[in-house]
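Hi there,

Here is the structure I promised to pass on to you. Have a look at it first, and then read my notes below.

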Amino acid sequence: MATLTVLGIAQDGGRPQPGCRRSCCQNLTEADYRSPVSLGIKTENGTTILIEATRDLGRQLITFGEPSIDCLFLTHAHLGHVDGLGLFGRETMSARGIPLHGSPSMQNLIKSTPAWALLLEQGVFELTDIGNVEIDDVIIESIAIPHRAELSDMHAFVIRGKEHSVLFLPDHDSWDQTLSAHDAFSIREWLNDLDITHALLDGTFWSGDELQGRDMSVVPHPTIQDSLARLGQKQNGDPEIYFTHLNHTNPVNSLGSVEHQQVTNLGWHVAFEGQQITL
């Protein structure tokens with residue numbers, strides 16, 4: 001059967017984040033480092049699929065245990081999700097003919113960005129629609145999601161295997177907007193409609209006062225506190241929920257934190273790098 005591997009759980013800046021002088025990024029060991037959010041999928045036939053192209057691609061391929069990628073999917077164009085595209089080019093991997101699955105607006109951005117357009121000219125990537133894509137024993141479905149669209153729109157993915165299905169929703173602006181867009185009253189109702197067994201959800205911030213001195217409305221994300229308030233205690237029939245895309249300031253990065261314990265006490269989880277889900 002196919003296997004999904006979590007290759008990164010950090011927000012776009014990674015951990016430690018460049019320029020951060022707060023305690024959350026000081027005196028970290030290599031074991032504390034986190035890569036920007038990404039997933040690797042290996043199908044039953046051995047086809048390798050990457051979701052998101054981060055600058056930590058080398059580290060993530062080691063975690064994945066694979067030296068190369070057969071297919072690439074992108075959720076949207078924000079920094080940490082695309083800043084590794086150039087690593088597939090001549091200067092590093094010198095890849096050829098990789099299907100790059102993205103929305104029309106994502107494809108237009110790639111075509112209009114000189115460094116990325118060059119990758120198309122050199123045959124590194126072949127632009128392909130996201131839609132619903134079947135690759136061996138895996139089906140990847142795209143779902144339009146409300147999120148800041150300065151450069152491209154945003155799509156979550158549902159990854160369906162023979163036994164399990166995983167929602168990958170690393171970014172969105174708010175639960176109210178996302179649920180409204182999909183005619184759902186609650187998170188639980190929407191996840192039930194999606195018919196999934198696991199969900200990797202946007203957990204960027206723990207609370208609304210996390211970015212000291214910055215207006216968090218500039219980078220809107222639902223907080224984990226908001227998600228927990230909406231979900232409450234895990235119930236029979238609920239999917240396994242893992243919070244990911246964690247900002248460097250998020251206290252759930254620490255396994256021993258009160259906040260991390262609050263998540264697990266309710267029956268939910270925090271994603272971790274190297275985590276595997278059999279599909």
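The second largest pocket has a volume of about 170 Å³. A pocket here is an open set of points on a 1 Å grid over the protein atoms alone where a 1.4 Å probe fits, with protein on both sides within 12 Å along at least five of seven lines; points are joined across faces, edges and corners, and the volume is the space filled by probe spheres set on them. Its lining residues (an atom within 4 Å of a point) include I9, R34, H260 and F272.

Please keep in mind that this is a predicted model, where local features need pLDDT of at least 70 and side-chain atom pairs count only at pLDDT 80 or more, while totals for chains, interfaces and linings use all residues. Residues are numbered from 1 along each chain as its sequence is written, and side-chain values use heavy atoms, with hydrogens and water left out.

Next, find H81. Is H81 buried or exposed? H81 is buried, at 0% relative accessible area (buried means under 20%, with a 1.4 Å probe and protein chains only). Leaving aside neighbours within four places in sequence, the residues in contact with H81 include V37, L74 and P170 (contact means heavy atoms within 4.5 Å). The side chain of H81 also makes polar contacts with the side chains of D12, at 3.4 Å, and E52, at 2.6 Å. Such a contact is a pair of N or O atoms within 3.5 Å, one able to donate a hydrogen and the other to accept it.

Enjoy exploring!

Methods: Buried < 20%, exposed > 50% of the residue type's maximum accessible area, 1.4 Å probe, protein only.
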